[in-house]
Amino acid sequence: SGHRVEAEKVAMGPWMKNMHTASFDYMVLSHLAISQPGVAAVSTVDSIMVQEIVLDQQQGPLMDVVEVYAPDIYLPATDTTHPRTEKGIDLSPLNRFKKIQVHSGQLTMNEKALTFNSILFEQVDKQRSVDLKDLAFKTPASSLNVVHLLTTAESLKIYTVTLVHNKNFLDKIELEQDVVAGQLYHIKVRQLDWDAFIDSSQVIADDLLIDGFEVSIKRDKTLPDPPIEIKPHLLASLVPKLDGISIPKIIASNGNLSYLEVGDKTGQEGRIRISNINAILKNSHPLDQPEQVLRARAQLYEKGAIEVTYDRLDSSRFALKVSLKDFPAELLNEMVDPLEAAKIESGVIGWYEFQAIADGQQARGQSKMTYDDLHVRIFKRGSPDQRNLGSDLLTLLVDDVILKHSKTDATADFSRDRITFKGPVNYWAKIAIEGAVAAIKKGKKEKKPKK
């Protein structure tokens with residue numbers, strides 16, 4: 001293989017030999033240096049201790065316990081131009097060990113480093129368990145930290161996963177983009193198929209549970225736009241099926257999401273806050289077959305109750321249904337006031353609902369809204385805290401001519417063309433806004449059919 005291993009010291013305990021096997025009580029290797037083809041850096045290990053070694057001519061080597069101290073390993077760069085093979089990585093050699101303990105080490109590949117405090121692999125009566133503590137996956141742009149990862153016979157538990165971005169990366173962002181950070185507190189993968197993982201590194205499980213999460217997304221729209229490219233419009237593009245991973249259902253609970261945007265009109269920051277998120281996401285059917293992919297409940301600005309359902313109809317169409325009730329409209333000023341140079345001065349949305357069917361070009365649907373005492377004021381663009389004659393005239397136009405202050409069960413049909421270089425979330429937001437505007441501007445109470 002071209003590998004070269006040098007050890008400063010090797011010590012071996014008592015050994016025995018018969019016709020087919022040889023055995024050692026222990027072996028200790030100290031201060032190892034490992035050279036690999038294609039890797040300039042030399043990997044090092046402080047020491048390795050192996051206990052109860054059996055060399056069997058038929059089964060190969062078997063070892064009870066292996067302990068590795070302070071490994072600093074450099075791996076060859078991977079060729080990302082070739083797709084992942086169906087077989088994956090063969091981890092079956094782990095079956096030769098009863099226990100592997102790795103203490104405080106680091107693996108580096110392609111300028112990405114994985115550090116850890118402890119890795120423990122145990123196998124008793126074919127029941128495998130893994131216990132990892134204080135993992136940190138670092139790239140030039142960000143760091144992903146995991147406090148604890150623990151497995152049982154059929155499940156995987158992960159505690160406190162944190163994604164943060166390096167300040168140097170944030171300072172050097174030159175194009176408009178979403179910057180995502182946050183924490184996932186408790187993750188559980190149930191009914192994990194360990195045989196599939198060991199034999200071919202396939203992750204096959206019944207479902208994935210996430211209990212507690214905080215996610216933030218920030219976008220600076222004052223930066224230049226990225227190169228225009230056609231983007232997919234389906235939810236599957238956000239949670240695609242990955243090679244080697246089959247988890248048909250994700251259940252998320254007790255989550256919070258915040259979206260912060262620096263507006264190109266005002267240069268000010270606006271924020272959307274969604275809390276108490278509870279959602280079920282399914283991905284069990286082929287992408288050309290109908291399926292309810294998402295069902296979620298949450299609160300908008302900790303007040304309005306939101307419900308969302310997303311159904312895949314076929315390979316190109318989806319149905320989206322959203323409802324919002326009992327919401328003080330002025331809470332939207334956290335987003336509207338800084339970004340749009342407008343302010344909602346009063347109003348309560350008693351009920352807003354829309355249903356739409358959409359494809360890659362257009363969404364068509366119907367919206368219904370009940371609201372009361374809704375008033376909007378327009379400010380001078382570029383100076384959100386200032387009013388002038390022009391902004392007062394716009395306020396008069398919006399607040400007294402177009403906008404009816406109160407409506408009950410105002411129902412309207414609407415349509416919205418998709419911006420093809422924007423993703424699914426932008427499409428959803430535009431559909432929701434279009435439905436609300438239609439209900440406010442032209443919505444009428446449906447007449448009961450005559451008997």
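## Cores and salt bridges of a predicted model

In this predicted model, Ile431 touches Phe318, Phe354, Ala356, Ala358, Ala363, Phe414 and Arg416, leaving aside residues up to four places away in sequence. Apart from the core to which Ile431 belongs, there lies another core, of 36 residues, which includes Met63, Val146, Ile158 and Leu208.

### The largest nonpolar core

In soluble globular proteins, nonpolar side chains tend to be buried together. Which residues have the most contacts inside the largest nonpolar core? They are Leu294, Tyr310, Phe318, Leu320, Phe354, Met369 and Ile431, in a core of 39 residues. Two or more residues of this core come from each of strand 16 (269-282), strand 17 (291-300), strand 18 (304-312), strand 19 (318-328), strand 20 (342-358), strand 21 (362-378), strand 22 (407-417) and helix 5 (424-442). The element that gives the most is helix 5, with seven residues.

How far apart are the end C-alpha atoms of helix 5? They are 27 Å apart, and this agrees with the 27 Å that its 19 residues should span at 1.5 Å a residue.

### The protein as a whole

The protein contains five helices and 23 strands. Of its 451 residues, 36% count as buried. The accessible surface comes to about 26300 Å², and 55% of that area belongs to carbon and sulfur atoms. Among contacts between residues at least 6 apart in sequence, 59% join residues at least 24 apart.

### Salt bridges

Side chains of opposite charge can pair when their charged atoms come close. In this model the count comes to 15 salt bridges.

| Pair | N to O distance |
|---|---|
| Arg219 and Glu176 | 2.5 Å |
| Lys218 and Glu269 | 3.9 Å |
| Glu307 and Arg297 | 3.6 Å |

The side chains of Arg219 and Glu176 meet in a salt bridge. This pair links distant parts of the chain, 43 residues apart: Arg219 is in strand 13 (residues 207-220), and Glu176 is in the loop between helix 1 (167-171) and strand 11 (179-190). Are these two residues buried or exposed? Arg219 has a relative accessible area of 15% and is therefore buried, since buried means under 20%. Glu176 is likewise buried, with a relative accessible area of 5%.

Lys218 forms a salt bridge with Glu269. Here too the pair links distant parts of the chain, with Lys218 in strand 13 and Glu269 in strand 16, 51 residues apart. Lys218 is partly exposed, at a relative accessible area of 38%. Glu269 is also partly exposed, at 42%.

Glu307 and Arg297 meet through their side chains in a salt bridge. Glu307 lies in strand 18 and Arg297 in strand 17, so the pair ties together parts that are ten residues apart in sequence. Glu307 counts as partly exposed, with 39% relative accessibility, whereas Arg297 is exposed, with a relative accessible area of 56%. Salt bridges that share partners also join Glu176, Asp178, Arg219, Lys221 and Lys422 into one network.

### Individual residues

Which residue of strand 10 (residues 155-165) is described here? Thr160 lies in that strand. Although Thr160 is not a glycine, it has a positive phi of about 55 degrees. Thr160 counts as partly exposed, at 24% relative accessibility.

Tyr301 also has a positive phi, of about 50 degrees, although it is not a glycine. The place of Tyr301 is in the loop between strand 17 and strand 18. With 3% relative accessibility, Tyr301 counts as buried.

Ser258 lies in strand 15 (residues 249-262). Ser258 is buried, with a relative accessible area of 17%. Which residues does Ser258 touch, not counting those up to four places away in sequence? Ser258 touches Val215, Ser216, Ile217, Arg271 and Ile272.

Note on methods:
Residues numbered from 1 in each chain as written. Predicted model: local features only at pLDDT ≥ 70, side-chain atom pairs only at ≥ 80, totals over all residues. Heavy atoms only, no water. Helix = DSSP H or I, 4+ residues; strand = E, 2+ residues; numbered from the N terminus. Buried < 20%, exposed > 50% of the residue type's maximum accessible area, 1.4 Å probe, protein only. Contact = heavy atoms within 4.5 Å. Areas by Shrake-Rupley, 256 points an atom, 1.4 Å probe, with all protein chains shown as cover. Core = buried A, V, L, I, M, F, W, Y, C linked by side-chain atoms within 4.5 Å. Expected span 1.5 Å × (residues − 1). Salt bridge = Lys/Arg side-chain N within 4 Å of Asp/Glu carboxyl O.
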